[in-house]
Each structure stands twice: as structure tokens, then as C-alpha cells.
Amino acid sequence: MARTLINLPRTARRGEVIEIRTLIQHVMETGYRPGADGVVVPRDIVTRFTCLYNNEEVFSAELAPAIAANPFLSFSVVAAESGILAFTWSGDNGFEQTETRSLTVT
Amino acid sequence: MRRRALLGTALLAAPALAQAAPRVVVIGGGFGGATAARALHRLGFAVTLVERNATYLSCPFSNAVIAGLREMEAQRFGYEGLRREGIAVEQQEARAIEDRRVVLADGGALPFDRLVMAPGISLRPDAIPGLDTEAMPHAWRAGPQTLLLRRQLEAMEDGGLVVLSAPANPYRCPPGPYERASLIAHYLKARKPRSKLILLDEKDAFSKQKLFEEAWAALYPGLLEWVPLSSGGKVVEVDAAARVVRTEFGEHQAAVASIIPPQAAGRIAQAAGLTDRSGWCPVDPVSFESRQRPGIHLIGDAIIAGAMPKSAFAANAQARVCAEAVAALLRGEAPAPPKLINTCYSLVEPGYGISIAGVYRPANGLLADVPGAGGVSPLGAPAATRAAEAGYAEDWFRTITADAFG
């Protein structure tokens, strides 16, 4: 399990635009870099990030080898209703990790 | 070629210049400027040093003042030594750099054939919303801020949380925030053992990292916590009155906070058009002449020096190289490509010193590391090695302050 950091408010007013910040600790190995032994280190990156809000996709991103280690993403969501936000990072070597947070809308 | 042609014209047009010693003005009386003034004076120039303060307070060793291990007066250096040698010291602010003359605060002007500037840094507290440097001192320029942070630590109740921050590169004194965290942790361990220290960092790696981490694990377990960028270490705003520090992913209620803001070259360098979009001064790595304005040389923390860090030692080394380059250019010769050395000592507790050394040379328009030269203190070294290095740090301080201020 990679360490993730997620920042969003616990509560929001209906219709409010909230900022969400996420970070995953990941090497984002490009696949182009020779290691200490001269052999190219195989690619190991996160390729896709999605945010589902009550099972509806509200944000997604494609990630490429040029993106630095520990990718940080910041985006906005309209607080429509109380529910669950699910954040999923997926990538090379079958990598997939999902974290959830609840949001109360008043 | 163009420069040589211009110099030739200047000499022909002003034959009187050949008789009088060329006039060199130095702005800034820190480690770089004071060293440059003395070196230029030794090379036979009529030197005027412009410095707004009557005395200089050294940043090196000022973390020890914060931690109560040293008194401020040990950091203070005057300019009597320079005056005794025959250097004119103008104690006032430089207001503007015009064509071949420096305009002073009192309205006077100092004409120069070459100008050397060591303007140091300016701090940008406005880059962190909510920051009030009286409530959360940066103490990144030795002086009242240093003592303010010390008093806040002394007044703090046992059990309080101390929050420090380290900015992104580049900034003055790369190992400084980590030495500060170490020495404050030492103070807390001795005086306020129920307290804790968090160091929020906008980076994932730092100078002498393995050595600091080894020392922290041995000396301050459970007391000092380093939070790197990838663990949410970047400070995005503060509530100075409530002493709350907010990062990208959380917030900390501090009893005492020292937030080191991002930095740029000293204001005079910005006003004189010597900085680029980075806020720092691009220079030629052989002559230290500005890439923006010919005839003006820059040294020390204000410059873009490539691999060379922003340190007192680096400023001192650059000052001596720059003085030789200025002399060569005034003779109409090309300056010789230099090799420069830097060494930085850090204390992690009294009697426990660690160091990093590097050698640099011009390459591709910047100063680059000479591979295989320099290095850091060994990991896992015995206490005697650490004690010896703490002693070398004291020797270094005596040597460099004597070299700069006489």
C-alpha cells in the first residue's frame, strides 16, 4: 500500500465549490533511466487517477512518464449532496489503490 | 571582442584614468562584500564600501543564539578593521545604480570604474498568506528576529509544539533549517522535555540529510519530526495570531512557530535590474559580472551560482575570485577561470558537528560541482569525530570572520 494524502472539507454547503488535494507516494519510474548497474529500470508509473462522487466520475487524469514522483493533484468539485468520494490511482504492474472520504452537505 | 574594443576606447578617451587608481565601489558589508573590499584594496584599488548598518551580525552560528547556546554579541562584527586599512566605509543606504555611479541615500554619489555588489537576500513573507513575522519570526537574518524567536522559546510552556518550516530551493544556507531544528530540539530536551518539534519541509531531500537523520534518531527520538513535501510538508498559509500553520494536507497548532519564507536577491539588486524572472542575479561564473548590466559584479547569496550553495564561505570564496577578475578586467585582460571551495558545518548539539564540502568550477555558464572532490562527514562516526568537527566549526568561524572583517 502506497501512502496517500487527501485533503477536503468534512462539510460543505449545497452548491459550494470545494477544493480537493490528493498526493500518492509513488516513484513514477520513467522506464528510460539506467540504474546503478547500467540496466534501464523498468517503467513503473501511475497511469490514471479518478474521483467518484457517489459512484459518478467527477474528475479523472491521465498520468505520463514525465510526471514527477509523488504526484500531487488539486481539483474542484461542486458539493451537490452528502455521500462518499472515492479516489483511485491505477498504473503499471497491476497497481491499483482506492481511498474513500465522506462529505456532509448541508 | 566587443568588450576589448570598448575598453580600449574608454582608456583612450580618458588618459587620466591610467594615472589614478581605478575606483571600485562595493555595496553590502556582509561576508561577501567585506571580503571583496579588503581583497580589492590589497590589489591597489581605491575602495569604498557602502553598508547601511554600523555593524554586521553573522548568520553563521546564529541558530546557536536562538537555542540559548551563544550570545548575540559574539555574532557582531564592525568595520574598524577595514577603515584602518584605508578602505572608505560609507554607512548609508545605496539608493540607485546609475551609469558608473552609485547614488546614496544622502543624495551624494560615488563614481566607479567597476562596482561589486553583495546585496544578500530579501525575504518574501507575502508569499505565505497570513504570515506576520513578528508573531512567527523567520530569524533568517541575524538580528532582532533571532532574539525574538529565542524569547518566544524561553516563554513557551513545557509541552508546547514548536513548528519550523524550510522553504523550497534555492534559499540562503541550505542546511540552516535542519541545524535550527536540531539545536531547538536540544534546548527542548534539556529545558522543556514534554515539548515536541515539527519541521515542515517544502522538499523531499536536503543537505547532509543522512547525517542529520542519524543524529536525530540518536539524540531526539520522538521529539523532532521531519515532514517532507511528499508527506504534506508544504506550508500554504498561516493564522499568525492563532499560531496555526496550515499545510496542503493538514494544520498544526503551534506554541511557537518559525516560518522561513521564500527568498530572492536583495532589494537593491532587483531595483537595479540585476535579477531575472527567478528573482536572483545571473552572473558570468568566471568574472561574476552581471549578465544584465556590464561593469557590475555580483557575489554571495544574491547570485545564481549553479551547484554552489548560498553560504558565507561561498560568498567569501566568490569575493576573492571576483576581486582578481575585476583587477584583470581593469588591466584589460581576461580573468582566469577559477576553482572555488565551499564548506558548511552544522551543529546538531553542542560538541556534535557535521560538515559538507564541495569544489566548483565554471561549466556551461554556471558553477558546477567538480566530481570526486569534496564530500560529507562519515555516517556512523565515533563521538570523537563529531566533537572534532564541532571544534573545526569554531575555528572556521574565527578564520572567516577575521578574513572578512580584519
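This is a predicted model: local features need pLDDT of at least 70, side-chain atom pairs count only at pLDDT 80 or more; totals for chains, interfaces and linings use all residues.
Q: Which strand of chain B pairs with β9(B) over 4 bridges, and in what sense?
A: That strand is β1 (residues 23–27) of chain B, and the pairing is parallel. Within β9(B), B:Leu115 is the residue that stands opposite B:Val25.

Q: How should I read the two faces of strand β9 (residues 114–117) of chain B: buried or exposed?
A: In a regular strand, side chains alternate between the two faces of the sheet. In strand β9 of chain B, B:Arg114 and B:Val116 lie on one side, with B:Leu115 and B:Met117 on the other. The four residues are all buried, and both faces of the strand are covered.

Q: In what order do the strands of the 4-stranded open sheet of chain B run?
A: The order is β13-β12-β11-β17, with parallel pairing. From one strand to the next, the twist averages 15°.

Q: How many bridges join strand β11 (residues 161–166) of chain B to β17(B)?
A: There are 3 bridges, in the parallel sense. As one residue-level example, B:Ala257 in β17(B) is opposite B:Val163.

Q: Where is the cis peptide bond that involves B:Pro170?
A: The bond runs from B:Asn169 to B:Pro170, and its omega is near -5°. B:Pro170 belongs to the loop between β11 and α7 (176–191) of chain B.

Q: What is there to note about the backbone of B:Ala139?
A: B:Ala139 is not a glycine, yet has a positive phi of about 50°. This residue is found in the loop between β10 (121–123) and α6 (144–155) of chain B. B:Ala139 counts as buried because it has 26 C-beta neighbours inside 10 Å.

Q: What is the phi of A:Met28, and where does that residue lie?
A: The phi of A:Met28 is positive, about 50°, although the residue is not a glycine. A:Met28 sits in the loop between β3 and β4 (46–53) of chain A. Why does A:Met28 count as buried? It has 20 C-beta neighbours inside 10 Å, and the cut-off is 20 or more.

Q: How many helices and strands does chain A have?
A: Chain A has 0 helices and 8 strands, giving the pattern β-β-β-β-β-β-β-β along the sequence. The C-alpha trace of chain A spans about 55 × 20 × 20 Å along its principal axes. Of the 106 residues in chain A, 14% are buried. Among contacts in chain A with a separation of 6 or more, 54% join residues 24 or more positions apart.

Q: Which part of chain A does the UniProt domain annotation cover?
A: The unreviewed UniProt entry gives "domain: Sulphur oxidation protein SoxZ" for residues 9–100 of chain A. That span is 0% helix and 51% strand, and its end C-alpha atoms are 13 Å apart.

Q: How is chain B divided into domains?
A: Domain 1 comprises 2–52 + 92–122 + 264–335, and domain 2 comprises 125–258. Their centres, taken over C-alpha atoms, are separated by 35 Å. In the contact between the two, domain 1 of chain B and domain 2 of chain B supply 5 residues each. The domain 1 side of that contact consists of 2 nonpolar, 1 polar and 2 charged residues.

Q: What does UniProt list for residues 23–132 and residues 337–405 of chain B?
A: For residues 23–132 of chain B, the unreviewed entry lists "domain: FAD/NAD(P)-binding". The chain there is 21% helix and 33% strand, with end C-alpha atoms 42 Å apart. For residues 337–405 of chain B, UniProt has "domain: Flavocytochrome c sulphide dehydrogenase flavin-binding", also from an unreviewed entry. This second span is 33% helix and 41% strand, and 26 Å lie between its end C-alpha atoms.

Notes
Residues are numbered from 1 along each chain as its sequence is written. Chains are lettered from A and ligands numbered from 1 in the order in which they are written. UniProt positions are given in the numbering used here, feature names are shortened, and annotations may be inferred rather than shown by experiment. Two strands pair if DSSP finds at least two bridges between them. Axes are lines fitted to C-alpha atoms, for helices over the stretch in contact, and angles run from 0 to 180 degrees between N-to-C directions. Domain bounds come from an automatic or database domain assignment. Two residues are in contact if their C-beta atoms, placed from the backbone, lie within 7 Å. Ala, Val, Leu, Ile, Met, Phe, Trp, Tyr, Cys and Pro count as nonpolar, Asp, Glu, Lys and Arg as charged, and the others, Gly among them, as polar. A residue is buried if 20 or more other C-beta atoms lie within 10 Å of its own, exposed if 12 or fewer, and partly exposed in between; C-beta atoms are placed from the backbone.
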